[in-house]
Amino acid sequence: MAAVRCINKLKLALNSAEISSSTEELIQRMKKVYDSVGLLKNSDVTYENTLKTLADFSADSSSFRSSIDFPQHVSPDKEIRNASTEAERKLSEVEVELSMRQDVYDNIKAFDEKFGQGLTGETKRFLQRLIRNGKRNGLHLDKEARDKITVIKKRMTELAIDFNRNLNEENTILQFSAQELHGLPEDFIEGLSKTDDGLYQVSLKYPHYFPCMKKATNPETRRKLEAAFNSRCKDENTAIMEELVELRQKQADLLGYAVHADYVTEIRMSKTAGNVKNFLSRLASKLKTLGQSDLQTFLKYKAIESQKHGYENDQKIHAWDMRYYMNIVEEKEFSVDHEKLKEYFPLEIVTKGLLDIYQQLLDLKFDEVENAEVWHPEVRLFNVSDGSSGSVMGQFYLDLHPREGKFGHAACFGLQPGCTLPDGSRQHAIAAMVANFTKPTATRPALLTHDEVVTYFHEFGHVMHGICAEASFSMFSGTRVERDFVEAPSQMLENWCWEKESLCKMSAHYKGTNDVQD
């Protein structure tokens with residue numbers, strides 16, 4: 001009998017024209033589904049023609065949607081990234097319109113009145129979520145208010161897309177002399193490009209920014225980097241933020257909330273913005289003494305460093321000083337040398353160890369897919385199966401290095417939800433882990449700091465959450481859980497980055513075979 005393979009519906013090789021045509025196709029499908037529900041008479045609603053219709057479309061179309069809007073975050077081709085961004089803009093606008101369909105909401109409410117009491121489990125939760133979402137969209141309000149909210153939601157979605165695109169496309173380069181980069185490790189310097197006149201080029205991407213802020217002895221270098229990093233897309237995105245703040249308050253007013261934060265926290269454990277503010281105030285008060293103590297320690301080392309390197313000591317700890325003196329305190333008072341430590345975490349070894357640990361921990365089996373269709377040669381694809389039964393569970397992609405136009409942080413993207421399909425079969429979950437770990441140089445492999453190892457475990461924990469979850473509805477698949485809980489599995493799994501046994505499994509000095517020592 002032939003082995004069951006993962007059914008991957010993603011189409012990751014679409015060109016810009018295909019993305020555009022696929023977008024129009026999906027929009028028509030979306031409208032058709034919502035028309036079929038909205039045009040029903042209240043008396044004719046059933047589970048099959050209302051809830052199941054909406055759930056089936058979501059399950060069946062998710063991978064098609066990901067094929068269209070995921071490339072904006074990872075494609076090396078700017079034309080494709082732009083097409084994907086514009087596709088998301090169109091899809092999001094239509095989604096806002098569909099989410100504000102009064103006829104669909106009325107039929108969902110009618111279904112609840114007729115059949116709601118008889119529902120249980122996930123189906124009941126799905127119905128409750130649809131009703132809650134409708135109310136939070138203002139569908140219980142009059143038409144004038146609903147129309148205003150629709151306009152606001154469309155504009156906020158458009159602004160958010162522009163905000164993220166600006167950050168992804170940001171490519172600021174600063175130029176420094178060798179003296180200005182004093183203190184940075186040799187392998188870091190070797191990995192930098194140089195201008196014709198010998199200056200080193202430093203970007204604002206994580207693999208450049210964080211090492212400079214932690215190790216550059218020249219405070220002016222750190223100041224320039226910190227100012228540039230926190231001013232990324234300042235002109236474009238400041239205007240976006242200012243407009244978003246106003247729009248969020250207008251929406252809050254229409255929906256009956258004092259502030260936007262009350263709207264956000266209503267469905268979270270904190271419940272109100274006031275509770276959050278009180279919690280943070282109490283926490284800040286309790287931490288103040290410790291903060292003052294740390295500040296004095298930093299000032300002590302700033303005096304020493306200023307005298308040692310011949311820089312003026314203004315007896316203040318600025319934003320660009322924080323990471324530098326935190327690093328010095330760790331080195332001087334806790335004997336933690338991050339540059340030495342990362343020599344024991346070559347990316348290849350860490351990846352093998354991480355995959356082995358997760359396979360052992362969750363009783364899974366990972367098999368790399370050879371010659372897989374991927375969006376960049378560095379990307380790897382793995383099949384996931386149950387370690388005991390051998391049943392197929394899903395797939396995951398690893399895209400670990402920075403490049404121009406790529407999403408600038410570390411994240412898990414759920415691309416195909418694990419859920420029940422219209423015919424009752426199980427759709428396999430597929431996720432991508434996207435990160436920006438330092439690339440190898442001519443003399444060294446890619447080396448991770450321990451913080452990056454923790455990030456790797458954390459984000460891969462989200463990948464495993466997505467693949468191992470067993471929800472029936474795509475709305476609740478994988479990491480689509482309550483916002484207060486979504487980080488809990490990954491935060492728990494980070495623990496393996498602090499245990500000796502697991503550290504030994506994913507470490508070895510890049511020049512030899514010894515792992516991290518006590």
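Predicted model: local features only at pLDDT ≥ 70, side-chain atom pairs only at ≥ 80, totals over all residues.
Residues are numbered from 1 along each chain as its sequence is written, and local features need pLDDT of at least 70.

Helices and strands are DSSP runs numbered from the N terminus (helices: H or I, at least four residues; strands: E, at least two). Helix α2 (residues 51-69) packs against helix α4 (residues 78-99) at an angle of about 135 degrees, and their axes lie 8 Å apart. Axes are lines fitted to C-alpha atoms, for helices over the stretch in contact, with angles running from 0 to 180 degrees between N-to-C directions. The two helices, α2 and α4, are therefore oblique to each other; under 35 degrees counts as roughly parallel, over 145 as roughly antiparallel, 65 to 115 as roughly perpendicular and the rest as oblique. In α2, R65, I68 and D69 meet residues of α4, among them L91 and E95, where contact means heavy atoms within 4.5 Å.

Strand β3 (residues 200-203) runs antiparallel to strand β1 (residues 173-176), to which four bridges join it; two strands pair if DSSP finds at least two bridges between them. In this arrangement F176 stands opposite Y200 of β3. Two bridges also join β3 to strand β2 (residues 193-194), again antiparallel, and S193 is opposite Q201. Five residues lie between the strands of the β2 and β3 hairpin, where G198 takes a positive phi near 90 degrees.

The largest share of the lining of the largest cavity, three residues, comes from helix α7 (residues 143-169).

Note on methods
Heavy atoms only, no water.
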